[in-house]
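Hi,

Here is the structure I promised to pass on.

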Amino acid sequence: MQEKLIYDDKVTDKLSAIYKEVLGEIGEDPNREGLLKTPERVAKALQYLTKGYDEDPEEILKGALFNEEYSEMVIVKDIEVYSMCEHHMLPFFGKAHIAYIPDGKIVGLSKIPRVVDAFARRLQVQERLTIEIRDCIEKTLNPKGVAVVMECNHMCMQMRGVQKQNSSTTSSAFTGDFLNNDSTRKEFINLVQAKLH
């Protein structure tokens with residue numbers, strides 16, 4: 001099911017005017033046929049790509065918390081991540097692998113990817129994004145431990161600057177048993193790397 005997109009008309013109008021000016025500044029003709037609707041499209045795209053500012057990740061998790069005595073590791077892996085680097089406003093994208101060890105509470109599994117999106121749909125750096133996801137799960141679920149590993153490709157490295165097309169960046173953040181227990185952390189890493197299906 002495709003989500004319904006709602007845009008703020010005033011924001012769209014303001015951004016459209018700015019992007020029309022930007023097109024002229026880079027040497028384009030904003031009045032040529034192919035570019036006539038581009039400022040409005042970009043204005044709407046930017047609102048979509050930063051919609052995480054209007055979302056509360058903790059509330060997302062609280063909307064599906066359940067009392068359960070399950071106490072083994074829960075992993076949601078290969079969560080698609082799409083974000084924008086705050087330094088160049090270019091995309092970075094990849095996968096997030098998230099685990100937690102419940103301590104009396106579990107969360108609906110679909111909420112974890114939604115939390116990833118809520119933080120990713122803001123101007124970001126991968127390192128902070130990794131920590132924000134970890135801290136949100138830690139604070140809301142109060143589990144025995146949280147693990148987050150992200151692997152992303154950054155267009156600011158691949159399209160400009162050093163132009164290293166095959167490079168990727170891995171970041172990680174752990175709490176509780178994942179931080180203090182080497183075997184728990186290794187189990188998580190092994191399960192993330194395993195092809196179980």
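First, a term: I call it a salt bridge when a side-chain nitrogen of Lys or Arg lies within 4 Å of a carboxyl oxygen of Asp or Glu. Some housekeeping too: this is a predicted model, so local features need pLDDT of at least 70 and side-chain atom pairs count only at pLDDT 80 or more, while totals for chains, interfaces and linings use all residues. Residues are numbered from 1 along each chain as its sequence is written, and side-chain values use heavy atoms, with hydrogens and water left out.

**Salt bridges**

The structure holds ten salt bridges. One of them joins the side chains of E55 and K51, at 3.7 Å from N to O. For exposure I use relative accessible area with a 1.4 Å probe and protein chains only: buried is under 20%, exposed is over 50%, and partly exposed is in between. E55, at 25%, is partly exposed.

R134 and D135 form another salt bridge, with their closest N and O atoms 2.8 Å apart. Here R134 is buried, at a relative accessible area of 17%, whereas D135 is partly exposed at 35%.

K186 and D182 also meet through their side chains in a salt bridge, 3.5 Å from N to O. Helices and strands here are DSSP runs numbered from the N terminus (helices are H or I, at least four residues; strands are E, at least two). Why are K186 and D182 separated by about one helical turn? Because they are four residues apart in helix α8, residues 182–193. In general, an α-helix has 3.6 residues a turn, so residues three or four places apart point the same way. D182 is partly exposed, with a relative accessible area of 41%.

Finally, E86, R128 and E132 are linked in a network of salt bridges.

**The cores**

By nonpolar core I mean a set of buried Ala, Val, Leu, Ile, Met, Phe, Trp, Tyr and Cys residues joined through side-chain atoms within 4.5 Å. The largest one has 28 residues, and I98, Y100, L129, I133, I137 and M150 have the most contacts inside it. At least two residues each come from α3 (57–62), β2 (74–85), β3 (91–101), α4 (111–120), α5 (126–141) and β6 (145–154). Of these, α4 gives the largest share, six residues. There is also a second, separate core of nine residues, and M73, I101, F188 and V192 are among them.

**Helix α1**

Helix α1 covers residues 9–25. The expected span of a helix is 1.5 Å times one less than its number of residues.

Which residues of α1 are buried? They are T12, L15, S16 and L23. Seen down the axis, the buried residues fall within an arc of 115°, so they line one face of α1; the arc is taken from the directions from the helix axis to the C-beta atoms. The buried residues of α1 pack against α2 (38–49), where contact means heavy atoms within 4.5 Å. On the other side of α1, K10, D13, K14, E21 and E25 are exposed.

As for the ends, a side-chain oxygen of D8 comes to within 2.9 Å of the backbone nitrogen of K10 at the start of α1. Just after α1, G27 has a positive phi of about 100°.

**Helix α5**

The 16 residues of α5 reach 23 Å from first C-alpha to last, close to the 22 Å expected. Its buried residues are Q126, L129, T130, I133, R134, C136, I137, T140 and L141. They cover an arc of only 160° around the axis, which puts them on the same side of α5. N142 follows α5 and has a positive phi, near 50°.

Q126 is buried, at 1% relative accessibility. The side chains of Q126 and S171 make a polar contact of 3.0 Å; that term is for a pair of N or O atoms within 3.5 Å, where within protein one must be able to donate a hydrogen and the other to accept it, and residues adjacent in sequence count only if both atoms are side-chain atoms. Leaving aside neighbours within four places in sequence, Q126 is in contact with residues including F92, M150, H154 and T169.

R128, also found in α5, is partly exposed at 30%. Beyond its neighbours within four places in sequence, R128 is in contact with E86 and L123.

Cheers
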